[in-house]
Structures are given as C-alpha cells and as structure tokens.
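Hi everyone, thanks for making time. Please have a look at the chain on the screen, and then I'll walk you through a few parts of it.

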Amino acid sequence: MLDLDSFFSKRAVEGFKPSAIREILKYGSDPSIISFGGGYPDPQYFPKEYFTEAMDYVLCSLTDKALQYGSTEGVKELREWLINFEEEEEKVKLELDEIIITIGSQQGFDLLCKVLLDPGDTVLVEEPSYIGALTAFYGFQVNPVSVPMDESGIILEELENICQNLGKKNIKPKFIYVIPNFQNPAGVTLSLERRVRLLEIASKYNMLVVEDNPYGDLIYEGDKILPIKSMDTEGKVIYLRTFSKILFPGLRLGWFMGNKALVRKVVIAKQSSDLCTTSLGQYATYEYCRRGYLKPHVEYMATRYARKRNTMIKAIEKYFPPEVKYTRPSGGYFVWLTLPEYLNADEMFWKAIEAKVAYVIGSAFHVEGRGKNTIRLSFSQVGETAITEGIKRLAKVITQEIDIFNKISAISL
Ligand SMILES: Cc1ncc(COP(=O)(O)O)c(C=O)c1O
C-alpha cells in the first residue's frame, strides 16, 4: 500500500482540521435522535415552486448563456440586482467592480485567505466564532487570536488591549473577522455603537474588517442594524453575504464585496480555483429575484423561524436548571448555552446521544480548546414538538450531571 504521508504538504498536515460539526451531523441521520446540531435551513421552507418557475424560464429562454462558462466576477445582471438590493436594504453603496459572486461565503473565506494571508500571520476572531471560517484560517497556517464577547457582541475594551499587547510584540493583525448579526454560534448581535467604534479601532490599528452576514435578514424582533460596511468610508471592510440561509444552501451562491483593488485580486485568485461560479444557478437566482420573490420569501421564513425560536426559549425556561445560562437571539438560527464551569459539555455529549438528543460542543468554536462548558443549539431544522421534547431530554442530562457533581462535592467535603 502506498504511504502518502511523505507526499502531503505542510499545509495539509498542519493546517487542515476536520470540522466538529460535520462529525456530529452523522447523528442527524438517526431518526430516534433529536439533533440541534447543524445550522441547516428547514427544507420545508425551500421555495421549490417559484425557483422551479425561474429555472424553467432560464433553461428555455436563456439556454446558451446559462449552460456556458461565465465571467469569473459573476453574472452581471445578478451583480447589478445585488448592488441595488444592498443599497436599498443595507445602505451599502457599491460599484460593479466591488462585488464578485462566490461559491457560498465559504469560498469567500478561502479566497480572502489566499490574497491576504501568509503562514504565521495573525487574525482576530470573536470568541466563540464560526467553525467554517476558523477552519479556513487554520488551512492557511495563520494564528487566530480570539476576542471575548458579551450579550452585545465583541468587547471593544478587550479588543484594544489585545491590539496593544500584540503591538508590543510587533504583531499586526491583518484583519478582524466578525459576524455582527445573530452570531454563529452565540446568537448575539453587535450593537450599533460597537459597530461604529469597531471601525474606528480597525482604523487606529490599521487592520481590515471582515464582516460576515448570513443571517441578518432573518429578524424575529427589533430593528435591522446597518452593517459595518455601510459606515465604511475607507474601503476597509470586506463584506460577505450568502443565499444559503435565505434561499437554499444547495445553490452554493454568495456575494463578496470590498474595495476594488482587493476584489480584483480575489477575481484572479478565483480564476485559478474554479474559473467561474455556476452560470445556471446564477441566472436562475437572478430570475427568481427579478420576479420579486425573494423579499416575501424571507419575510415568510422569518415568521416561521421566530416560532421555532420562541418554542426553544419557552422550553429552556421551563425545563433547564437555573445554573444554565442561555442567549435569546433576536434572529438567526442559534441559542448558546453556558453550563456551570464544572461541567464538561464535550464529555456530556455522549450521554446526550444516549438520551437521544444531539448538540454541537461549544469548544469547537473556540480557538484554544476553551469553552468546554458551552453548547450550541440550532432550532432551524427541528419541528416545534421535537424542539420541546429535545430540550426536555437535554435538561434531564444536564440536571443529572449537576446532581452527580453535587453528590461528589458533598462526599469530598
Ligand atoms: C457565520 C457563517 N458564515 C458563513 C457560512 C457559510 O455559508 P455558505 O453556505 O454561503 O458557504 C455559514 C454557514 O453556516 C455561517 O454560519
């Protein structure tokens, strides 16, 4: 048998890490387990009929263009539609050469790393942060340094301290990566005041801001807060958006926005990756959007997911012991649990599986293996009755763990 170890690149050996979520997703296929694992949309809400109508039109009327290779930047009509969408919905003003269509935001991370990062570079991330982005950063052998968060997002005093301490060691972070809306995994939202101040800090320390916003349209309470990109007068903010959570992830379509010079580099990097994003998918999506179907669909989904969120929060309030802290997201897919420090959610995972409920271990979203007492719950894909039952099961597991700890503590006194 050929031994490939000596062939693998340093990057493949040192940088590539399997995603904890992908590992856990296999439990989602056991129907007896209620899984709060993956941040997948509910397929019941996929707009099958209207998307089929758009796709039929494209296949019949735009056949040659839709089945051909396209430009690396993406289909012009879709980019123009998105420029208009960004200006109307988010006050983000863009020129055509400031936007490129990517294969989901995930490709955006990869391309961004390709054009900005060298091995050994430092980037700043929220703690906790999105696994997919962390995995992309690890793949480029950089050092992610994490900045703590509270219920209003990243803590700016901590950010300044970290920047100053890194500065003393002559380390200059290339960028800070943030998910300001209904964060994955913590479910919290970065306040407007902090968005403004974050941009000022980024300018002071001369770093870029990578703003990732997959969930920002799925609002269940409160008003939309404008993206950091809308306040960017220096071209410092790179803004990533995706159709994955507002249409469906099988499309693999995202839009990447930034300063012209950076987008140009990203276009060149993408040429060597895949030449172009799916023409067929882009034309069908454009047609779907042009017909005015996106906005009502997003509004419909927001009402549906809001009900799931309410069900989960109600069940948590009813069944969880008071020792467990939880976030109450005003949009998106996730609730974040903080168990007492003495509990280990990584080890408890197997007990939860025995009790037929699955979650994602919070430590997977931490850079240095911290957060062993944290858990991410996703309510997006689970039916309301199953949400209540799953929370009941999890509450029982957590309560038992707390009881065991209390008994052991009493004995050792
Ligand atoms: C915060 C965040 N960023 C990016 C992505 C990736 O999205 P895409 O499907 O567009 O690659 C996800 C997907 O779950 C996400 O939660």
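Predicted model: local features only at pLDDT ≥ 70, side-chain atom pairs only at ≥ 80, totals over all residues.

So, into which domains is the chain divided? Domain 1 covers 10-45 + 296-403, and domain 2 covers 71-275; these bounds come from an automatic or database domain assignment.

The C-alpha centres of the two domains lie 25 Å apart. Their contact takes 32 residues from domain 1 and 33 residues from domain 2, with contact meaning C-beta atoms, placed from the backbone, within 7 Å.

Now to the ligand. Its shell holds 14 residues, and the closest are Gly104, Ser105, Gln106, Thr242 and Ser244; a residue belongs here if its C-beta atom, placed from the backbone, lies within 6 Å. Helix α6 (residues 104-116) gives the largest share of that shell, 3 residues. Helices here are DSSP runs of H or I, at least four residues, numbered from the N terminus.

Let's stay with α6. Its axis and that of helix α10 (residues 260-274) come within 9 Å and cross at roughly 105°. Axes are lines fitted to C-alpha atoms over the stretch in contact, with angles from 0 to 180 degrees between N-to-C directions. The two helices are therefore roughly perpendicular, the word for 65 to 115 degrees. On the α6 side, Leu111, Lys114 and Val115 make the contact.

Technical notes:
Residues numbered from 1 in each chain as written. Contact = placed C-beta atoms within 7 Å. Parallel < 35°, antiparallel > 145°, perpendicular 65-115°, else oblique.
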